[in-house]
Amino acid sequence: MSEPHCLQLPAEDVYATAKKIDFVLERIRRYGQQVNPAPRVLDFGCGNGTALGQYVIGEGADYLGVDFHAPSLDYARTHFGQPHARFLPEVPAGERFDIIIYSEVLEHLDDPAAILRSHLPLLVPGGIVLGSIPNGYGLTEIEKYVDRKLHLYEALRWVWRRLRGGEPVKQEAGLPYNYASGHVQFFTRRSFERTVRSAGLELAELRNGSVMGADLSGATFLRSQALIAFNTKLADYLPAWAAATWHFALHRAKEA
């Protein structure tokens with residue numbers, strides 16, 4: 001494990017990104033203290049590395065980010081590549097990991113159980129799986145569905161550019177994203193548990209992220225940090241079905 005250079009968490013957003021980063025890093029640290037002080041981490045579907053990968057790298061973990069979106073990989077290599085941090089289009093043969101991360105990934109896969117099952121041999125005995133998914137029937141997915149039908153956010157952007165110039169939500173110029181890969185899985189807690197069980201895994205933890213939030217709400221009534229903080233804090237007191245996003249930890253099923 002390389003010398004850590006822990007990064008300050010970003011300001012929270014409507015997607016509870018900072019809360020997710022904290023969830024993942026805390027469990028990596030706990031694993032390092034209790035099991036292996038030099039954990040090897042696979043971040044599957046790492047994207048451009050800005051949302052989570054750079055913070056895992058900052059912990060000093062032996063990190064491998066894997067993604068098929070070439071522009072995102074190029075960006076990640078350029079900005080976050082280090083001797084202990086690689087970015088590749090596939091997992092090299094023979095490598096195994098203490099921790100596998102799927103951050104906002106499983107909802108994009110046609111067969112998430114098959115991917116989880118195929119990656120199980122990559123996980124060392126006692127290893128853990130961490131990640132996040134949206135509640136497929138939570139307020140964020142409902143907002144996105146309505147927005148896709150009515151194009152409300154695009155209308156807001158058009159009005160904003162005409163009246164004020166720029167964009168309603170500030171975005172880093174030139175940051176690549178794989179916008180072509182949309183959500184094809186809409187999990188409930190029960191269907192998610194079925195998915196992980198069928199892959200030989202068990203749900204160890206499921207924590208709520210936020211209550212709601214997507215492009216439209218984030219550009220309108222959820223702009224202030226006070227409301228964003230309330231949105232993420234309130235989720236801690238709600239049942240899982242009422243949350244918009246979930247953060248999870250998995251381990252091998254006892255019979256697997």
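Leu25 is found in helix α1, which covers residues 17–34, where helices (H or I, at least four residues) and strands (E, at least two) are DSSP runs numbered from the N terminus. The model is a predicted one, in which local features need pLDDT of at least 70 and side-chain atom pairs count only at pLDDT 80 or more, while totals for chains, interfaces and linings use all residues. Residues are numbered from 1 along each chain as its sequence is written, and side-chain values use heavy atoms, with hydrogens and water left out.

Leu25 counts as buried because its relative accessible area is 4%, given that buried means under 20% relative accessible area, exposed over 50%, and partly exposed in between (1.4 Å probe, protein chains only). When residues up to four places away in sequence are not counted, Leu25 touches Leu9, Tyr55, Val56 and Glu59, a contact being defined by heavy atoms within 4.5 Å. From C-alpha to C-alpha, Leu25 and Leu203 are 18 Å apart in space and 178 residues apart in sequence.

Two further residues belong to the loop between β1 and α2. Asn48 is placed in this loop, with β1 covering residues 40–44 and α2 covering residues 53–58, and its relative accessibility of 4% is why Asn48 counts as buried. The side chain of Asn48 is joined to that of Thr50 by a polar contact of 2.5 Å; such a contact is a pair of N or O atoms within 3.5 Å, where within protein one must be able to donate a hydrogen and the other to accept it, and residues adjacent in sequence count only if both atoms are side-chain atoms. Beyond its neighbours within four places in sequence, Asn48 is in contact with several residues, including Ser72, Tyr75, Phe80 and Tyr177. Gly45 lies in the loop between β1 and α2 as well, but Gly45 is partly exposed, with a relative accessible area of 25%. Its contacts, leaving aside neighbours within four places in sequence, are with Val66, Asp67, Ser103 and Val105, and the C-alpha atoms of Gly45 and His69, 24 residues apart along the chain, are separated by 8.8 Å.

Glu104 is located in the loop between β4 (97–103) and α4 (112–119) and is partly exposed at a relative accessible area of 29%. Leaving aside neighbours within four places in sequence, Glu104 is in contact with Lys20, Ser132, Ile133 and Pro134, and a polar contact of 2.6 Å joins the side chains of Glu104 and Ser132. In helix α9 (residues 225–235) lies Leu227, which counts as partly exposed at 40% relative accessibility and which touches Phe221 and Leu222, when residues up to four places away in sequence are not counted.

For the chain as a whole, 9 helices and 7 strands are found. A compact globule of 256 residues would have a radius of gyration near 18 Å, and the value of 18 Å for the chain agrees with this; the radius is taken over C-alpha atoms, and the globule rule is 2.2 Å times the number of residues to the power 0.38. The C-alpha trace spans about 55 × 40 × 30 Å along its principal axes, and buried residues make up 49% of the 256 residues. Among contacts with a separation of 6 or more, 78% are accounted for by residues 24 or more positions apart.
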